[in-house]
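User: Before we go through this entry, I would like each label tied to the rule behind it. Please take the terms one at a time.

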Amino acid sequence: MGGRWNGWCWLRSALIRRVVRIGRRLGLNESTEVMVSEGKSDVNRRSFLGLGAGALAVAALANVGADGQSKETMQKGQQDHSASNPGPANKPLAGESPSSEVPPITDKGDVAPFWYSFDLSHRRTQEGGWTRQVTQRDLPISTDLAGVNMRLTAGSYRELHWHTANEWAYMIYGKARVTVLNPDGTIFIDDVEKGDLWFFPAGFPHSIQGIGEDGCEFLLVFDEGLFSEYQTFLISDWVAHTPASVLAKNFKLPQSQLAGLPEDELYIFPGKVPGSLEQDREAVGGKAVESPVSYTFRMLKMPATKETSGGSARIVDSRNFPASKTIAAALVTVKPGALRELHWHPNASEWQYYLSGSGRMTVFASSGKARTMNFTANDVGFVPAVAGHYIENTGDSDLVFLEVFKTSHYEDFSLNNWIRRVPPEMATAHLNLSESELKGIPSEKLVVIAE
Ligand code: MN
Ligand code: MN
C-alpha cells in the first residue's frame, strides 16, 4: 500500500515537473497567470479568451507547487466570481496598485506594506518653499531610515540648523549652495545641482540655499526611522529662547542691538541669490578656514558602476565618498521590460525613492510569505534587511530609482551568481533544471537584466 502510494506521489510530482516545463516553454509565466485571473480590462479579457482551454489547463497545473492546494484555490478564486468586487472602490488608487488588487498568485501571507508616497504627505509651505516627509510614522516598516522632500525657491534658505541624525541628500532639480561647519572651525561651502549628493554628519550645523534661476528641489534621507524634519535645532529657535542679557554677553553686543533677533523659528524663508562660490568662500576667510573634508559628491556624473543593455547602477558609499560614513546608495536605471535582478542585501535594509517611470517589486519575506507592490515617481519603497527582492520596469519609459542603506558599504547578493557558483549538481538537485538549462542562467551579478 505504502509502496504504491509512494509510487503514485513520485509519478504525480514527475508529471507536475513536466507540466511546469511545458508551461514555461509555452511562455506561460506569471504575467500570463495574472491575465488568466479575472480580466479587469478589455485587453486582459481578450488575452484570457485567446489563451484557449488547453493552455489554461497547463497554466492551472503549472501553479501546483509544494503547497499546491492553496495555490490552486487562489487560482480558482481569481478565475471565477470570487474576485468580483461590487462594493465601493477608490479607482485611481486601485488603478495604481494592480499588484494589490489582483496579486500574482505567488504572493502569499501577511507582509507589512512597504510602499508610501510623498504625494500623500502633508506639505508644509512657507514663503520661500515647502517640505514634506515620509518617516516611520507613515511607513512603520522603515525603522532605520526616513525621508524628506524639500523645495527652495531662488535665494530662499532652509535655515542654519543641526539635528540628531546623519543627513544624506540627492538633488532632484535645480541648484543649491550648502554650508557645513566642522568641529575644528573649518567650513565647507559648495554648490550642488541635479544628480549631486551631500552628506552632513549628525550634530554638524549646516544650511541649504536655493540658487540659480529657479532654486531647487531635493530628497533628504536620515538614518533614523523616527526622524522629524520639524524637530531640528534651529539658530532662530535657540536665540528666541535665551535671555537677552546672556545673548549680549555671548555675542559681546549691547542688548539694544539685539532687538531685531527673530522671536520665532524661521525654518524656510526668502533671501537674495548669493554671489559666486569663490566670493562666499573668500568672505569667510578663504583657504585658512576651508574644510579638509568634502561633503558633496557628483553621483549622476560618475561613470556607471555596472552597465548592461538593460540599464545601469551607480553605487556611492564611503569607499568613493569618504564623508558618507553611515549611508550607502545606488542610483539605478531599469529600461522598459528589464529587471533589477533577484537579489538581497546582507548588511542593511533598503529605503527607495522612485524618480521616474513605473515598476513593481516583490519582497520575499521567508516562511512562504511574499508581497508585490507597484511604484511610480515620488513613491517610497522599503525592503527589510536580507529580504529577497526584484524590481521590474512595468512601464514604457526608463524606471529610475535610488536605493539607500544605513551602512558604510554597499553589499548585495545576486541569486543568479549564487546558483552558478555552487556545483552544478547541487543547483540541479535544488531547482530541477538540467545542467544545460543551468548554463543559460547568467553566472555573474548583472544588477540589471535586459528583457
Ligand atoms: Mn538638515
Ligand atoms: Mn536591493
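**Labels and their grounds**

Analyst: Strands S13 (residues 306-308) and S14 run antiparallel and are joined by three bridges; two strands pair if DSSP finds at least two bridges between them, so S13 and S14 count as paired. Strands here are DSSP runs of E with at least two residues, helices are runs of H or I with at least four, and both are numbered from the N terminus. This is a predicted model, in which local features need pLDDT of at least 70 and side-chain atom pairs count only at pLDDT 80 or more, while totals for chains, interfaces and linings use all residues. Residues are numbered from 1 along each chain as its sequence is written, with chains lettered from A and ligands numbered from 1 in the order in which they are written.

User: What else links S14 to strands S13 and S15?

Analyst: A hairpin through two residues joins S13 to S14, and Lys 306 stands opposite Ala 313 in S14. With strand S15 (residues 328-334), S14 runs antiparallel through six bridges, and Ile 315 has Ala 330 in S15 as its bridge partner.

User: Why is S14 called largely enclosed?

Analyst: A residue is buried if 20 or more other C-beta atoms lie within 10 Å of its own, exposed if 12 or fewer, and partly exposed in between, with C-beta atoms placed from the backbone. Six of the six residues of S14 (residues 311-316) are buried, so the strand is largely enclosed by the rest of the structure. In a regular strand the side chains alternate between the two faces of the sheet. Both faces of S14 are covered, with Gly 311, Ala 313 and Ile 315 buried on one side and Ser 312, Arg 314 and Val 316 buried on the other.

User: How do you know whether helix H8 is in the open or enclosed?

Analyst: Of the eight residues of H8 (residues 244-251), the number buried is zero, so the helix lies largely in the open. Just after H8, Lys 252 takes a positive phi of about 60 degrees.

User: What makes Pro 270 partly exposed?

Analyst: Pro 270 has 15 other C-beta atoms within 10 Å, and is therefore partly exposed. Pro 270 lies in the loop between strand S11 (268-269) and helix H9 (277-283). Leaving aside neighbours within four places in sequence, Pro 270 is in contact (C-beta atoms, placed from the backbone, within 7 Å) with Glu 127, Gly 128, Gly 155 and Ser 156.

Methods. Two residues are in contact if their C-beta atoms, placed from the backbone, lie within 7 Å.
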